[in-house]
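Work through the exercises below with the sequence and the structure open. Each task is followed by a solution in steps.

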Amino acid sequence: MKFTCAVAMSPLEQLPELARTAEECGFANIALPDSLFFSEQVSADYPYTPDGSRFWHEDTPWADPLVAAAAMGAVTSRIGFYTQVLKLGSRNPVLLARQVGSVAVLTGNRFGLGVGLGWSPEEFAWCGTSYSDRGPRADEAIAVLRLILGGGMVEYHGEHYQFGKLRMSPAPSRPVPIYVGGHSGPGLRRAARAGDGWTSAMMGFAELKTTIERLTELRAAYGRAGEPFEIQAVCVDRFGLEGYREQAAIGVTDAIVMPWVFDGVPFDGPLEAKQDSMRKFAETIIAKL
């Protein structure tokens with residue numbers, strides 16, 4: 001079982017040192033969140049809180065996750081990075097392929113792309129994209145990304161995206177894994193059909209177990225049961241050695257954690273306190289699993 005350190009909402013100036021410490025402590029990856037902007041009013045509920053409210057505010061710091069991965073990759077040598085998750089529906093996949101390919105090359109193939117549709121209609125509208133057909137467009141976007149990142153002269157002619165023969169160079173020397181987020185039926189089907197893994201938002205253990213079982217069924221139905229598949233989980237009610245062993249037993253391959261939260265250190269807390277929490281987590285959990 002791997003452990004990934006989430007750095008959401010930490011001050012941006014802390015990110016390089018958090019990456020260095022995470023690598024020293026034996027974390028496998030850094031999970032990078034995505035938020036384009038904070039709209040004063042939103043016309044849809046946030047899907048991952050009980051009351052639909054956002055748990056961040058207009059002053060909460062965010063970095064573009066691809067820029068953050070490149071910056072953190074420059075000060076580390078082994079740890080990986082992935083977006084958890086990048087809002088695919090608001091972005092053009094051709095432009096995104098250029099960015100993802102650059103980060104993958106610059107980090108020495110230490111980058112994975114976690115994607116979700118995005119939940120805010122305002123983000124779609126103000127970025128010039130359509131909200132109503134976000135699912136089918138995401139399916140094509142994933143296909144476009146894999147095609148371009150695979151290297152060579154390629155072309156694509158779909159319903160939502162079309163382009164003639166083009167090549168982006170250099171292409172990554174290894175395929176960039178694409179992890180698909182979402183708790184809905186369509187999201188799980190997309191992950192099982194087109195993803196190299198599934199990544200969760202905050203979820204209780206019982207729901208997580210049921211979801212992993214459903215993903216197993218879907219992957220078998222799509223003829224992918226024998227292929228490698230990551231289960232990246234943010235489980236909110238199983239902690240400690242036994243808790244992570246329970247997660248591993250139901251199929252979690254990568255536990256996403258924010259160690260300083262366990263110690264009551266706020267998102268904007270001091271760097272040194274976060275580093276102390278990471279080291280304690282490494283000694284009490286990572287070293288023993």
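## Aromatic pairs and their surroundings

Phe124 is buried, with a relative accessible area of 0%. The model is a predicted one.

**Exercise 1.** Determine which kind of aromatic pair Phe124 and Tyr131 form, and how exposed Tyr131 is.

*Solution.* 
Step 1. The ring centres of Phe124 and Tyr131 are 5.1 Å apart, and their planes make an angle of 85°.
Step 2. Planes over 60 degrees apart count as edge-to-face, and that is how the pair of Phe124 and Tyr131 is classed.
Step 3. Tyr131 has 26% relative accessibility and therefore counts as partly exposed, whereas Phe124 is buried at 0%.

**Exercise 2.** Describe the pair formed by Tyr46 and Phe55, then place Phe55 in the chain.

*Solution.* 
Step 1. A search of the whole structure gives 16 aromatic pairs. One of them joins Tyr46 and Phe55, with 5.9 Å centre to centre and 70° between the planes, an edge-to-face arrangement.
Step 2. Tyr46 has a relative accessible area of 12% and is buried; Phe55, with 40%, is partly exposed.
Step 3. Phe55 belongs to the loop between S2 and H2.
Step 4. With neighbours within four places in sequence left aside, Phe55 contacts Met9, Tyr46, Thr49 and Met202.
Step 5. Arg167 is 112 residues from Phe55 in sequence, and the C-alpha atoms of the two are 41 Å apart in space.

## Strand S1 and its crossover

**Exercise 3.** Which strands pair with S1, and in which sense?

*Solution.* 
Step 1. S1 pairs with strand S11 (residues 254–257) in the parallel sense, over 4 bridges. Within this pairing, Thr4 stands opposite Ile256.
Step 2. S1 also pairs with strand S2 (residues 29–32), again in the parallel sense, over 3 bridges. Here the bridge partner of Thr4 is Asn29.
Step 3. From S1 the chain passes through helix H1 (residues 15–25) to S2, and this β-α-β crossover is right-handed.

**Exercise 4.** Name the buried residues of H1 and the elements that they pack against.

*Solution.* 
Step 1. Leu15, Leu18, Ala19, Thr21, Ala22, Glu23 and Cys25 are the buried residues of H1.
Step 2. An α-helix has 3.6 residues a turn, so residues three or four places apart point the same way. Leu15, Leu18 and Ala22 are among the buried residues of H1.
Step 3. The buried residues of H1 pack against S2, S3, and the helices H2 (65–73), H9 (259–262) and H10 (271–284).
Step 4. Just after H1 comes Gly26, with a positive phi of about 95°.

**Exercise 5.** What does the side chain of Thr83 reach, and which residues does Thr83 contact?

*Solution.* 
Step 1. Thr83 is part of strand S3 (residues 80–83) and counts as buried because its relative accessibility is 0%.
Step 2. The Thr83 side chain reaches the backbone oxygen of Gly114 at 2.7 Å.
Step 3. Beyond four places in sequence, Thr83 is in contact with Leu32, Pro65, Phe111, Gly112, Leu113 and Gly114.

**Exercise 6.** Is Glu230 buried or exposed, and with which side chain does the side chain of Glu230 make a polar contact?

*Solution.* 
Step 1. Glu230 is found in strand S10 (residues 230–235).
Step 2. Buried means under 20% relative accessible area; Glu230, at 18%, therefore counts as buried.
Step 3. The side chains of Glu230 and Thr253 make a polar contact at 2.5 Å.
Step 4. Contacts of Glu230 beyond four places in sequence include Lys2, Tyr179, Trp198 and Asp254.

**Exercise 7.** Where does Ala138 lie, and what does Ala138 touch?

*Solution.* 
Step 1. Ala138 lies in helix H5 (residues 134–149) and is buried, with a relative accessible area of 3%.
Step 2. Not counting residues up to four places away in sequence, Ala138 touches Leu88, Leu117 and Arg190.

How values were computed
Residues numbered from 1 in each chain as written. Predicted model: local features only at pLDDT ≥ 70, side-chain atom pairs only at ≥ 80, totals over all residues. Heavy atoms only, no water. Phe/Tyr/Trp six-rings, centres within 6.5 Å; stacked < 30°, edge-to-face > 60°. Buried < 20%, exposed > 50% of the residue type's maximum accessible area, 1.4 Å probe, protein only. Helix = DSSP H or I, 4+ residues; strand = E, 2+ residues; numbered from the N terminus. Polar contact = N/O pair within 3.5 Å; in protein donor to acceptor, adjacent residues only side chain to side chain. Contact = heavy atoms within 4.5 Å. Pairing = 2+ DSSP bridges. Right-handed = clockwise from strand over helix to strand, strands pointing away.
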